[in-house]
Amino acid sequence: MAKKTIIKIRLNSTADTGYFYVTKKNPRTKTEKLKFNKYDPIARKHVEFVEGKIK
């Protein structure tokens, strides 16, 4: 069987609210850490979310 290429990652809020999104990533094509501007409902504004590991 082939090894799975897509892994799950956690996008952590930089507003230190503890809010996160879970998404998928192909580490063979996207080698750098992902950064997105997404909505944080606890902070009630759009903030930057950065990639972190799922524990």
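Entry 1, aromatic rings. I began with Tyr21, which counts as partly exposed at 25% relative accessibility. The model is a predicted one, and I read the values below with that in mind.

I then looked up the ring partner of Tyr21 in Phe49. The ring centres of Tyr21 and Phe49 are 5.2 Å apart and the planes stand at 65°. Edge-to-face needs over 60 degrees between the planes, so the pair of Tyr21 and Phe49 is edge-to-face. This pair links distant parts of the chain, with Tyr21 in strand 2 and Phe49 in strand 4, 28 residues apart.

Is Phe49 buried or exposed? I found Phe49 at 0% relative accessibility, so Phe49 counts as buried. The cut-off for buried is under 20% relative accessible area.

I checked how many aromatic pairs the structure holds, and there are two. The other one joins Tyr19 and Tyr21, also edge-to-face, with 5.4 Å centre to centre and 90° between the planes. Tyr19 has a relative accessible area of 27% and is partly exposed. I noted that ring pairs link Tyr19, Tyr21 and Phe49 into a cluster.

I found Glu51 in strand 4, which covers residues 45-52. Glu51 has a relative accessible area of 15%. I logged Glu51 as buried, because 15% is under the 20% limit.

Next I asked which polar partners the side chain of Glu51 has. The side chain of Lys25 makes a polar contact of 3.0 Å with the side chain of Glu51. A polar atom of the Glu51 side chain also lies 3.0 Å from the backbone nitrogen of Leu34.

I listed the contacts of Glu51 as well, leaving out residues up to four places away in sequence. Lys25 and Leu34 are among them, and so are Ile9, Arg10, Leu11, Glu32 and Lys33.

I looked for nonpolar side chains on the surface and found a patch formed by Phe20, Val22 and Ile54. Together these residues have about 260 Å² of accessible area.

Phe20 sits in strand 2, residues 20-25. With a relative accessible area of 36%, Phe20 is partly exposed.

Key
Residues are numbered from 1 along each chain as its sequence is written. This is a predicted model: local features need pLDDT of at least 70, side-chain atom pairs count only at pLDDT 80 or more; totals for chains, interfaces and linings use all residues. Side-chain values use heavy atoms; hydrogens and water are left out. Patches are made of residues with over 30% relative accessible area and no salt bridge: like charges are joined within 9 Å, nonpolar side chains (Val, Leu, Ile, Met, Phe, Trp, Tyr) within 5 Å. Accessible areas come from the Shrake-Rupley method with a 1.4 Å probe; for residues, only the protein chains shown count as cover. A salt bridge is a side-chain nitrogen of Lys or Arg within 4 Å of a carboxyl oxygen of Asp or Glu. Helices (H or I, at least four residues) and strands (E, at least two) are DSSP runs, numbered from the N terminus. Buried means under 20% relative accessible area, exposed over 50%, partly exposed in between (1.4 Å probe, protein chains only). A polar contact is a pair of N or O atoms within 3.5 Å; within protein, one must be able to donate a hydrogen and the other to accept it, and residues adjacent in sequence count only if both atoms are side-chain atoms. Contact means heavy atoms within 4.5 Å. Rings of Phe, Tyr and Trp (its six-membered ring) pair if their centres lie within 6.5 Å; planes under 30 degrees apart count as stacked, over 60 as edge-to-face and the rest as tilted.
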